Amino acid sequence: MSRVSGSKEPMLPNRMLSKMMLTPRPMVSLVAALLLFFSTQVVPAGEAKLALTGGTVMTVSGESIAGGVVLIEDGIITAVGTAETEIPYDAMEVDCTGMILAPGFVDPHSSDGLDIPNENLPSAPFVDVFDALDPSRFFFEDSLRNGVTSIHVMQGNNCVVGGVSRIVHPIGLTPHEMSRQAGVALKLSTSPRRGYGRMRQLAELREVFEEYDRWRENLAESRYEQEADKEDDDDSDTLPPEESRSQGQELIRDEDLDDQHRHLAHLIDGRLGAWIYCGSATDVAPALALVADRDWKDRAVLVLAGDAHLAIEEIKEAGIDVVLDSDLIHRKRDLLTGDVEETFIPDVYRRAGVRFAIQPSRSGAMPERFIGYQAARLVRSGITPAEALRIVTLGAAEICGIDDRYGSIEVGKIGNIVLWTGDPLDLNSWVQKVFVEGILAYDLEKDARLERLFPEEPEPEEAPAPLDDEGTSEEGQDAKPAEGTPEKTAGEAPADDGEPLEEKSSEKGEAPADKPVDPPKESSVAGGE
Amino acid sequence: MNQQPRHLSPMKTSLMRCAVWFAIACWSGILALPAVLAAEGEDAVTPAEVLRDVTIRAQRAHVGDGRVLENALIQVQDGIIVSVVANGTAPEGVNLLEVSDITPGLIDANARIDVADAIYFPGEDPRLRILRAMGLEEHYHGGDVCPCGSVCPAMTLHVADVMCLYCGWPDHDPHPHDPAEELIAGSLGGDQAAGVPAPSGVINEQSSEVVPHFEVLDAIDQGSDDFDRLLKEGVTTIYVSPDSSAVVGARGSLMKTGGPLASRYLGAGAVKGVLGSDAYRYGSRNRSPFRTNVSVYTRRPDSRMGVAWVFRKAFHDALLRAKGVTPSGADTSSPSASRVLSSVLAGEIPLRIQARTGPDIETAFRLCGEFGVRFTLEDPVEAWKRIDLLSSSGVDVVFGPVFDVPSGILAGTNESRESRLHTLRDLVTSGVEVSLSAQDLRGEEGLSRQVMLAIRHGVDPAMALRLVTQNPAKLLGIDQQVGTIETGKRADLVVWSGTPFSSLSRIEKVLHEGEFSFVRGGVKK
């Protein structure tokens with residue numbers, strides 16, 4: 001599906017240098033020196049060889065492998081197989097027994113990584129999110145904590161034509177270190193930007209491309225003339241303008257594109273995708289018209305919100321992928337009756353057979369901030385767990401056009417792997433470790449912020465088995481009536497150990513909820529008249 | 001009986017029997033008067049109309065007290081559970097409903113009912129609505145906060161000359177008449193502008209700081225859509241606590257969420273005290289009433305000292321009046337308030353105190369110690385700081401919602417900044433009697449989402465279920481009627497598609513007194 005063939009290099013050094021011409025001269029040499037230093041390190045490379053063994057590997061692209069082995073060399077997955085897979089003698093082995101290995105989630109559309117999501121200019125196709133990436137944002141840390149390893153960072157929706165997006169890893173000290181693919185897509189919007197009406201929005205949107213066309217024709221003409229001049233100095237018979245323009249189109253080189261139009265040209269020649277925001281159903285038709293007009297079907301993605309699902313028939317017919325709003329439920333109040341109708345939006349697309357990606361919530365509310373939980377909501381509505389997991393990994397990667405490198409555990413893909421304590425879609429599972437390009441990027445045991453918010457229970461039994469900490473934090477409380485408080489009152493001290501009560505409960509630990517009580521039922525309530 | 005609520009008298013007499021019974025149960029439960037319950041319990045339970053009889057076969061019946069019955073047979077007659085048998089066989093010819101998992105109907109002991117349906121998008125951060133109304137929705141980030149604890153364009157836009165909508169930052173002067181407030185008040189109108197869901201204005205009382213003689217019931221639209229939403233989320237019984245405008249606020253109401261409108265009200269509850277600041281209003285401290293100039297007539301305490309003083313003075317006034325002395329002073333509460341507070345002092349009416357921060361929790365204990373009253377602690381966000389105090393005092397706690405980044409009402413206060421995800425686990429393990437509440441949060445799961453989060457954060461699943469069934473039932477004094485799946489209880493039942501409170505299963509059906517009040521994908525009866 002790789003419709004987008006941008007360079008995989010994080011950033012071309014010469015481009016970086018050209019930026020530096022703007023900085024004061026004394027700085028330039030220093031920064032250039034630093035750049036040279038860093039540029040040797042930027043090459044994505046993990047531990048030379050890493051072997052994740054013993055865990056259940058949910059490959060997403062194929063069958064799950066119990067007790068499987070995943071081998072990562074220089075950041076790339078080089079082997080996925082059963083326990084028999086040969087492990088190189090020099091590989092660093094990580095025992096994942098009891099854990100589930102899943103590909104890192106792919107966040108298909110996020111402006112959370114930017115310090116400001118939108119430009120003030122309505123049309124700014126010349127900007128790049130690179131310049132606004134803020135590596136210190138909590139969002140990236142939280143992404144790792146929640147198992148997201150690839151993020152399509154894109155400008156916000158409040159635009160006519162926005163800047164160019166890129167794929168980043170949520171780890172790194174600079175935008176440079178985080179970037180993994182520059183130039184994925186341009187953001188466009190058919191929904192009115194703030195302060196705009198729909199007419200103005202669409203008029204400006206049309207004007208952007210009409211202006212581009214005019215510019216391009218002029219460019220073509222002048223290119224033709226340049227070339228013609230080179231061939232014969234005496235301009236005997238010049239072609240009519242129309243013909244010189246059409247002939248000049250092929251003569252346009254990359255270096256002829258100016259900053260203002262470069263990304264538009266890349267969009268039109270297919271190097272960039274077109275992600276069009278439609279905040280409501282009424283914005284879908286103009287978006288689809290634009291796509292049809294420009295023949296962008298292979299590179300267009302609709303970013304939908306509000307009641308856009310009402311245009312499902314049109315979207316289906318156009319055969320375009322969509323990215324859904326993080327609010328998966330749409331509520332609409334009937335104007336006359338006052339009844340509220342709720343729609344679980346992904347259901348609409350699933351029934352229509354439209355391929356969709358989902359996003360984690362941006363509002364900060366806890367479980368919906370976890371993309372795994374969003375996927376669990378899909379399962380509740382009838383999608384199989386395997387398909388739901390695919391939607392938030394490989395499916396999202398396909399829509400972003402990065403499925404050649406991301407979204408599944410397969411040989412040749414980038415070693416972005418998340419170790420879960422259980423099913424990635426179960427809210428009770430925790431991300432234990434995250435490997436990004438084979439580098440340990442997150443470790444639950446070392447998550448200082450989480451430790452502050454949710455310290456482990458001071459339990460004596462906790463120490464010997466650190467790996468399955470997740471499920472064990474409860475203890476069989478059932479036997480203990482709530483009134484019987486005093487035992488534990490002294491225990492406010494953090495490391496108060498060795499209470500017999502805890503020992504007892506540990507045996508129950510295996511089957512917590514199942515059946516603490518055997519005697520058949522009605523006895524207990526018989527007294528209840 | 002003499003404390004029978006005022007508002008009952010105009011109600012239809014047919015209602016009285018039910019209502020009185022539950023009212024008594026409600027008051028006395030917290031006062032630990034089980035004898036009254038047992039005596040009064042029998043005759044009042046039968047609802048007026050005949051309800052459907054259902055027999056349910058559940059692969060797992062989660063009783064609500066920690067037990068799980070395999071392959072349970074639950075028989076319901078006239079809305080009452082008449083038998084619960086593990087591995088029982090269904091009689092021939094009954095209307096058998098086969099389900100996988102079933103739990104009791106959930107009880108929210110601190111629901112914020114949306115009286116006017118103004119929380120149109122349930123669970124949404126009210127600040128987001130402000131930003132949306134201003135066309136700045138894009139700039140909303142749950143994590144970006146102003147020093148006052150709120151999200152505002154000033155912070156999200158990083159524009160130095162835009163003030164925080166909530167506190168006026170960078171002025172740091174949360175004055176009621178600052179331009180920022182007028183901006184909101186002008187564009188949105190009234191209390192909604194302050195991030196206040198409109199209904200809270202309805203059940204907030206601003207005429208006085210001491211209004212225990214008011215009742216939340218009078219502000220509740222019993223036909224509100226919010227009841228349907230709650231039902232859908234499996235919540236069959238709620239306790240509506242007043243909001244936090246007044247230091248000594250109104251009395252809450254115990255309600256059923258389903259059934260005929262006339263029978264939803266179950267009784268009046270506790271008087272609500274609020275220590276600390278007023279969440280609905282900017283959250284930094286108490287504010288003067290909207291659209292009113294501050295004067296001696298509208299004076300309100302605007303420091304914690306002042307709040308504690310108003311609280312003290314109210315109870316002192318009640319004591320004085322009981323002795324026949326007429327209290328005096330600028331903040332003297334009304335005689336009707338004193339009458340109610342006398343009942344509180346006598347232990348006849350329970351007291352609930354909302355105290356979110358650690359110091360406020362301590363103040364609650366101190367004040368109640370001074371007057372020798374027991375109380376229930378509501379919404380102690382920072383309970384983790386004083387687990388020792390809570391567990392040794394044996395206070396009942398209504399906790400929740402569980403959050404790291406606050407949303408809903410709690411997003412509007414800076415008293416929600418030091419929450420911890422281990423609070424609930426620690427409360428439970430230290431033996432505190434906790435009920436879990438979602439407050440105003442709705443959405444796909446509402447209260448059951450809170451249980452999900454409790455389980456994720458270390459509460460044993462069986463215990464977590466108790467936090468929304470048996471515990472609140474006990475707290476509210478209705479544990480003889482609801483809270484568990486046991487013989488004689490009201491048939492408020494929630495049918496799940498799989499393991500209850502797993503993120504992969506959901507509520508399929510909700511029975512309210514034996515009647516299907518919600519069936520997923522089906523027509524609501």
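What share of the contacts in chain B with a separation of 6 or more is accounted for by residues 24 or more positions apart? In this predicted model, the share is 66%. Chain B has 525 residues, and 62% of them count as buried. Its secondary structure comes to 15 helices and 15 strands.

One of these helices, H13(B), spans residues 447-456. Here 10 of the 10 residues are buried, so the helix is largely enclosed by the rest of the structure. The buried set includes the nonpolar side chains of B:Leu447, B:Val451, B:Met452, B:Leu453, B:Ala454 and B:Ile455. B:Ser448, B:Arg449, B:Gln450 and B:Arg456 are buried as well, and two of these, B:Arg449 and B:Arg456, count as charged. Just after the helix, B:Gly458 adopts a positive phi of about 100°.

Two packed helices are described by the angle between their axes and the distance between the axes. For H12(A), residues 371-380, and H13(A), residues 385-400, the angle is about 140° and the axes are 9 Å apart. Angles over 145 degrees would count as roughly antiparallel, so H12(A) is oblique to H13(A). The crossing of H12(A) past H13(A) is right-handed.

On the H12(A) side, the contact is made by A:Ile371, A:Ala375, A:Leu378 and A:Val379. Their partners in H13(A) are A:Pro385, A:Ala388, A:Leu389, A:Ile391 and A:Val392. The contact residues comprise nine nonpolar, no polar and no charged. An α-helix has 3.6 residues a turn, so residues three or four places apart point the same way.

Methods. Residues are numbered from 1 along each chain as its sequence is written. Chains are lettered from A and ligands numbered from 1 in the order in which they are written. This is a predicted model: local features need pLDDT of at least 70, side-chain atom pairs count only at pLDDT 80 or more; totals for chains, interfaces and linings use all residues. A residue is buried if 20 or more other C-beta atoms lie within 10 Å of its own, exposed if 12 or fewer, and partly exposed in between; C-beta atoms are placed from the backbone. Helices (H or I, at least four residues) and strands (E, at least two) are DSSP runs, numbered from the N terminus. Two residues are in contact if their C-beta atoms, placed from the backbone, lie within 7 Å. Axes are lines fitted to C-alpha atoms, for helices over the stretch in contact, and angles run from 0 to 180 degrees between N-to-C directions. Angles under 35 degrees count as roughly parallel, over 145 as roughly antiparallel, 65 to 115 as roughly perpendicular and the rest as oblique. A crossing is left-handed if the near helix is turned anticlockwise from the far one by less than a right angle, and right-handed if clockwise.
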